[in-house]
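Good morning, and thank you for coming.

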Amino acid sequence: HNSSSSWAFSSAALRSTQMAGKLDDMQPPPVPVKRKKVAPPMDEPASKRLELGDDLPDEVSQQDIQHMLDQADDVHVETLNDAALKRMHLQLERKVKVNQELRIKHADEPDKYLKSEVDLDEEIKKVAQVAAHPELYGELLRLDTIPILVGMLNHVNTDISVDVFEVLSELTDAEVMQEVEEPDDFMKALFDAQLCQMLVDVLLRIDESASDEDFRAVTNGLTLIENLAEVSPQETCKRLAEVDNFLPWLVKRVRAQGAMDYNKVYASEILGIMLQYSAPMREAMMALDGVDKLLRGIGPYRKRDPADSEESEYVQNMFDCLCSLMLMKVHQIPFGKAQGLELMIRMMKERIFASNLALKLADHALRHCAENCQIFVEKLGLKVLFAMFMKRGTKTKGRSEAREMEEHVTSIIQSLCRYCTGTPVARVLNKFMENEFEKLERLLEMHEEYNRSVQEADRARDAGLAKRIDRELEVDEEEQLFLDRCDAGLFTLQQVDLILIRLVNMGNRQASDEIGKLMNLKGVKLEEIRDVVQEYCRHLGDAASDERKEVRSYLRALMVRYGGDVDSLESEPVAEARNMDDADGVATPEEADPDQVTDDEAVPAAKRPEQRRSRSPDPDKRDKKDADEKRKKKKEKEKDKHKESSARDTKDKKNRRD
């Protein structure tokens, strides 16, 4: 050994001797070894510190330069190739075997196996050199080095396990894995070696508060998980979901008390990845009261903004975790019962950092959940929602942020129109009728804006530039067209038009007439709405067949009402649209007049008893009124049928003439 390696050995030996003095026996788990800087022995003279340039002459002749270059050529530098990798593997295998034998033979005498432990640690670190040679990963698999390396995570000495974390993090770096010929084979070897189970075991053994090195060890473990998830997200999440202790540890780590730290933010990011890709993990959160615990994590930010960028990232990650949980109705219901919607409404109202995040989470919580839609209206969410819809008091940093906000607002309104029943749906309709139908006008303005944006995206693609890029990148042309249209605002446009056809089919003649007038005034064609809604229906999967039938029936009713070409609609073998007079929760003209006050602006009941009494006629008058209303509606239906029949006859005559 030269002087540097001797010093390294003496340092490691002294460090290990400190650990040995604390161990009375060798029963696992051992006390973590704290690495300390050890001063050189007193009998060795301290080397003189040289400043940059002190050892260089003022002038160097050409002859001296050539001599130095010749000497450099004679120096042997071993490059890592197949043969060198094989020697490295054999050395690692031998060091592991020696260390195991000495530990068994001298279980009560740590001094006897300290050197073998230091040698093993150094040999493990050498494997990290392979990360600079992605072409050698295949040879690494052929030699079966991966099982030996992963097996060292189970070593009694936690320091060795921590170093394995670091080596595996470098080997699985995303940029390195992109250059590996068969990355899936390498990932399979890691998973087959039980990497996930051993990784979690090491994380559970480490006490982060013990030292900075233990804290960094957890960071390396989380980095390894992130690398695995980036290369193979589905398989990584599936394997980790099978480890029982991982999810509880992760939830506990993101809710750790005290100041914000790097590992807490990192753990929240990993939790978001796991919940996004793993349905079993989302289900497992039920047993952990995941919704309640995550809501408590974001609760402090209902009144204040994060202190720095690190805390901001933590808050965003926590909201993303809750959004992933809202993909399952078993989490949506507890979210509503745990006052989650009330918290979101309050955050939306405060106009703080979490406002837009709360809007996004509320959108996910209301999708396909009638119970939460009812709660949202009952908890006075319409006032703050429609203030955002009308852009009152909202502050957005740019056009993209404003569009994202409009996307979530329209999605929430569409959910409310679809799932609310009784009084709540009447209150939603009233919002569109108040203040001289300003919100209906805003809705049609949004249709014009987003329809123009989508058409511009179509024209840009027709120009041929985007198609050439797709061919170069080997992207499916039809799929890319759909993605480009979504980027241009197709989803928001679809939500806007779905709101329009649902409002027309709510049974309120005044609202329907006003929509027709505004469409004529702004030049919005029925064909535009028809094309958008039919495209939406075409992309619905088999699981949404009921929604597709319902939407197409509403579209047909819209076309009939405003004199559109019904024959141009795509056929759907479904029953006729439901009778709006008999539908549960339909807002009738009496329930949804323009002068009705909504939400928390309503006057308390105690202040208007006379008004309530005046609106409660005796039974005879009410029966007579109901009979008149029925006769009136019957006549209107006959008129609509007559108009439809006349339009069909006119069309037939025109066709015969042509």
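Predicted model: local features only at pLDDT ≥ 70, side-chain atom pairs only at ≥ 80, totals over all residues.

Helices α23 and α27 are roughly parallel to each other, a term for angles under 35 degrees, whereas angles over 145 count as roughly antiparallel, 65 to 115 as roughly perpendicular and the rest as oblique. Helix α23 covers residues 399-419, and it packs against α27 at an angle of about 30 degrees, with the axes 9 Å apart. The axes are lines fitted to C-alpha atoms, for helices over the stretch in contact, and the angles run from 0 to 180 degrees between N-to-C directions.

On the α23 side, the contact is made by Glu406, Glu407, Thr410, Ser411, Ile413, Gln414, Cys417 and Arg418. From α27 come Phe491, Thr492, Gln495, Val496, Leu498, Ile499, Arg502 and Leu503. Contact means heavy atoms within 4.5 Å. By type, these residues divide into seven nonpolar, five polar and four charged. Here Ala, Val, Leu, Ile, Met, Phe, Trp, Tyr, Cys and Pro count as nonpolar, Asp, Glu, Lys and Arg as charged, and the others, Gly among them, as polar.

Residues are numbered from 1 along each chain as its sequence is written, and side-chain values use heavy atoms, with hydrogens and water left out.

Let us stay with one residue of this contact. Is Thr492 buried or exposed? Thr492, in helix α27 (residues 490-504), counts as buried because its relative accessibility is 3%. Buried means under 20% relative accessible area, exposed over 50%, and partly exposed in between, with a 1.4 Å probe and protein chains only. Leaving out residues up to four places away in sequence, Thr492 touches Glu406, Glu407, Thr410, Met446 and Tyr450.

Now to the whole protein. It has 32 helices and zero strands; helices (H or I, at least four residues) and strands (E, at least two) are DSSP runs, numbered from the N terminus. Of its 658 residues, 43% count as buried. Among contacts between residues at least 6 apart in sequence, 77% join residues at least 24 apart.

Leu357 is buried, at 16% relative accessible area. Leu357 and Gln316 lie 41 residues apart in sequence, yet their C-alpha atoms are 7.3 Å apart in space. Beyond its neighbours within four places, Leu357 contacts Val315, Gln316 and Phe319.

I turn next to backbone angles. Most residues other than glycine have a negative phi. Arg351, however, has a positive phi of about 60 degrees, and it lies in the loop between α19 (340-350) and α20 (355-366). Leu380 also has a positive phi, near 65 degrees, and sits in the loop between α21 (370-378) and α22 (381-389). Arg351 is partly exposed at 31%, and Leu380 is partly exposed at 31%.

Finally, helix α11, residues 212-231, has 20 residues and reaches 29 Å from its first C-alpha to its last, close to the 28 Å expected. Its buried residues include Asp214, Leu222 and Glu226. Among the elements covering the buried residues of α11 are α7, α9 and α14.

Definitions and conventions: Expected span 1.5 Å × (residues − 1).
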